[in-house]
Structures are given as structure tokens and as C-alpha cells.
Amino acid sequence: MPDHNPHFARRMRSKLRREAHELLQPGPPSMQLLWPIGPQVPDDARVQEVLDLCMRIGEVLMSSGESVDETTHVMLRIAAACGLSAVDVDITFTSMTICCHRGMAAAPVTSMRLVQYRSLDLTRLLAVGRVIDRVEAGAIDVRTAATELSEAVSARHPYPRWVATVGWAGLAASIAILLGGALITGLTAFAVTAVIDRIGRVLNRRGLPQFFQQVVGGALATGATVTLFGLGAFPPGTRPSLVIAATITVLLSGLSVVGTVQDAITGYYVTAAGRAVEIALLSAGLLVGVVLGLRVGLEFAPPLEVAGELPSGAGRFGLSLAAAAAAAASFALAGYAPGRSLLAAAIAGTSGWSTYGLMVQVLGIGPVPATGIAAVVVGLAAGLFRRGGGVPPLVITLAGITPLLPGFSAYRGFYQLAVEGVADGLVTITLALGIGLALAAGVAFGDFLTGPRRPSGPAVSDPAPEGSPA
């Protein structure tokens, strides 16, 4: 048949269209397995909008110190609420990757974002939490959520910067009184910490790495305190060792110990290792600064007294409870927490410290297990506030454990390394490390007991822990 026959060409085109139409039909159930066309998903623009929203929310959570497990599940819930069910999330400390699978219908869409800043703004965290709740409830669409998220992230801090300085200084003063110091010791710790915070603010604006900021902070906390004590500049009754211990507690409060242990427990080992390296590096910077400060300061002053145990007694216990509440509330204030969160933070701090005091003074339990039990109480409080208090659990967790941080044990270890000997110093620093791990593990367990239940079996949208087999 000649190629230029028009009737033959029309018949062939019609036949090909019929065959193509038949091939695209689902067919009987037994044949449908041979044609996996995948889930029905929105178009590329819609997928990109949803993934971008998930990534921006995850960035805020990670930069605030939230655990990878919680951040991952929040991102998956947002994606599911916006119509994307087949989504995978991978977070590795400094980067986040999210992928939407679309089967055989279309190519997958993948997006990655770097976590380039780490700052604590609890008001911003609360505002982002409201956006998450409204998206999951279906009250707002993706574009409205993206607009509200941009406003929350770009908004100015609710307080002036000097209020945060007052919060850090108030935390140091409360810790000094909590450790047994008089009011004059607390006021001295307040002044020293305020100066360190303002200097750290200047160094941060100049882009000095955090390691060197820890060195400077530790050196100022010890060197300046010891030198002024030797020169007689402190009022009578001031205990410089408690001033240094309180300042070290403030410098330790910025470390993400709780998030590190939570990531390790939930199987995100890569991120846990990254956070552990960060904690080790910043702690090493603090150690270098404290030892250098002591070496220089002791040239102008006699050796300092280092108390062994916390003061006890009914009257002192009541004062310590008030100091613990003030310490937790001061930390929340320094983190720009909204006003109603300050009371919740104070309650969490009081609950944790009262439990610790009862364990140590009444039952005679050692500091490490007593700290772990007190941290469980703080974790339980965080879970209860999550359900009915309208306060982010991270606020309760971070503020509640602040009075329990091993600042005094760390100072004793640093002092022993600089003055007495390496062996004693390493033992005391190991004790401080054990207290820190007990804090993190206890909080994680308490939060697990009161947290929302998640499916135990694998699901399409469930994240796989890092390093697990596919």
C-alpha cells in the first residue's frame, strides 16, 4: 500500500488511539498490580509550597533546640494536613531534607535547607506553634500559614535586649542564693554576669565563634572575680566561689544537652553526635577560660574556699525553693518567653528542685540519681503543660532543669584541675557529666510518659531513624 494513501493513514491513527486508550484503562483487579500509577498528588507548585512551609517550620524548631524526633514528626504532620502523605524527612544537625514521593505519576520533589542560626526566642517558638495548630485544624491554607510564619520569624523580640541581660543576671543571682550564698553574693553574681553578657553581645556582633566566646566568658567569670576578691573590692560576706559557680551555670545553660540525649535515645545518632561534638567543644572552651582565669587571678589573691555540700535545713529549703523558681523564670525571661510562660517556668523549676531536695536530704539518695528523678518530674510537667497549658514544652523543659544544672560541680572540677591536681579534677568533672546526662535522660523519659502516643509500627510517612536499614 503506498505511503501517501490518506484513507490508510486515517485508519492507522484511529487504531493506535483505540489501543492506547485500552492500555491506559485500569483493567481487572488482577491486572491493576502491573500498573502502579502511585498516589494522586497536587501539582509541582502546590508541592513546593507545602514543602517550603514544612522546612521553614522545621528550621525554627531545630534552631530553638528542639529534638530531631519532635521536629520530624511536626513536619510530617504539616505535610499530611496539607495533602501530602508520602513524605520523608531527613535531619542531620545542620541541614534538613524533605522529599515528596509521587509514585509513577510524577517525579519526586526534594528540597533541602541549612540551619544557619541557633538562637532561643521562646515567643517566636510559641507563635510558630500557633501556626502549626491552625494548619493541622484546617483553619488556614498553606499561603496564609506561610505569611503568618514569615511575620512570626521576622518580628522583633518582645523585650529590649537589656531585659534579656537582666534575665541572665537574675539567673546567676538566683543560683548563687540557691547554692547557699547571702544576698550580697547574689547581687555580685548579678553584676558580674551582666557585664559578661554585654561583652558577649559585642563579640557575637563581631562574628567571634562561640568557642572563643565561651573562653572569654569563663576567663572573665573567674579571673575578674578572683582578682577583685584579692584586691578587696567585694563587700564583706561575698563568697567568690559561689559567684563563679553561678556564672558558670549561666554559661552551661545554653548547651543543648537535653536535645542531644533525646536524639540519641530516639535513634538519630548522626544528629546526636553532631550536638555532642558542639557541647564538648563549648565545654572545652569554658574549661580553658576558667583555668586561665584561675591561673591569672590566683596570682593576685589567696586560694578560694570551695564548699562541699549544699546547705540544708527547713528554713534554707524554703529559701532554695524560691531561688529555684526565680532561676527558672529568669531563664525563661532571658529566652524572650511571653509573660504567662514565666509562671509555668517557675512552677517547673520549683517542682524539679523540691524533688531533688527531698531525694537528697530526706531519702539520702546520691546527686546523680536524685537529679534524674527530679528531671523526670520536669518532663512530666512539660507534658502536662503541652496538653492544657498552652505553653511550649521546650519552655518548661529548659527552664525547669536550670536550677539542677551542675554548675557548682563543674566549677569544683575546673578549680581542682587548675590548683589541686588532675586526678581529683577529672573525677569531679565526670560527676558533673553524669549529672548532666541524668538531667537529659530524665526529662526525655518524663516527656515520653505524658507525650502523645505515636504508632509503633512502620507507616508510609513515618521517619526512619538515622542509620536504620531501609
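UniProt positions are given in the numbering used here, and such annotations may be inferred rather than shown by experiment. The structure examined is a predicted model. According to the unreviewed UniProt entry, the feature "transmembrane region" is placed at residues 166-191, 211-234, 241-259, 279-298, 319-338, 358-382, 394-414 and 426-446. Residues 166-191 are 85% helix and 0% strand, with the end C-alpha atoms 10 Å apart. Residues 319-338 are 80% helix and 0% strand, and in this segment the end C-alpha atoms are separated by 26 Å.

The largest nonpolar core comprises 106 residues, among which Ile57, Met75, Ile78, Leu84, Val87, Ile98 and Ile248 touch the most other members. The greatest contribution to this core comes from helix H3 (residues 44-63), which supplies 10 residues. When residues up to four places away in sequence are not counted, Met75 touches Cys54, Met55, Gly58, Val89, Ile91, Met96 and Ile98.

Cysteine pairing was also examined. A disulfide requires a pair of cysteine sulfur atoms within 2.5 Å, and by this rule the count is zero. Cys99 is in no disulfide, the nearest cysteine sulfur being that of Cys100 at 7.1 Å. For Cys100, in turn, the closest cysteine sulfur is in Cys99, and the separation of 7.1 Å is too far for a bond. Cys99 counts as buried because its relative accessibility is 12%, a value under the 20% limit. Cys100 is likewise buried, with a relative accessible area of 1%.

Key. Residues are numbered from 1 along each chain as its sequence is written. This is a predicted model: local features need pLDDT of at least 70, side-chain atom pairs count only at pLDDT 80 or more; totals for chains, interfaces and linings use all residues. Side-chain values use heavy atoms; hydrogens and water are left out. Buried means under 20% relative accessible area, exposed over 50%, partly exposed in between (1.4 Å probe, protein chains only). A nonpolar core is a set of buried Ala, Val, Leu, Ile, Met, Phe, Trp, Tyr and Cys residues joined through side-chain atoms within 4.5 Å. Helices (H or I, at least four residues) and strands (E, at least two) are DSSP runs, numbered from the N terminus. Contact means heavy atoms within 4.5 Å.
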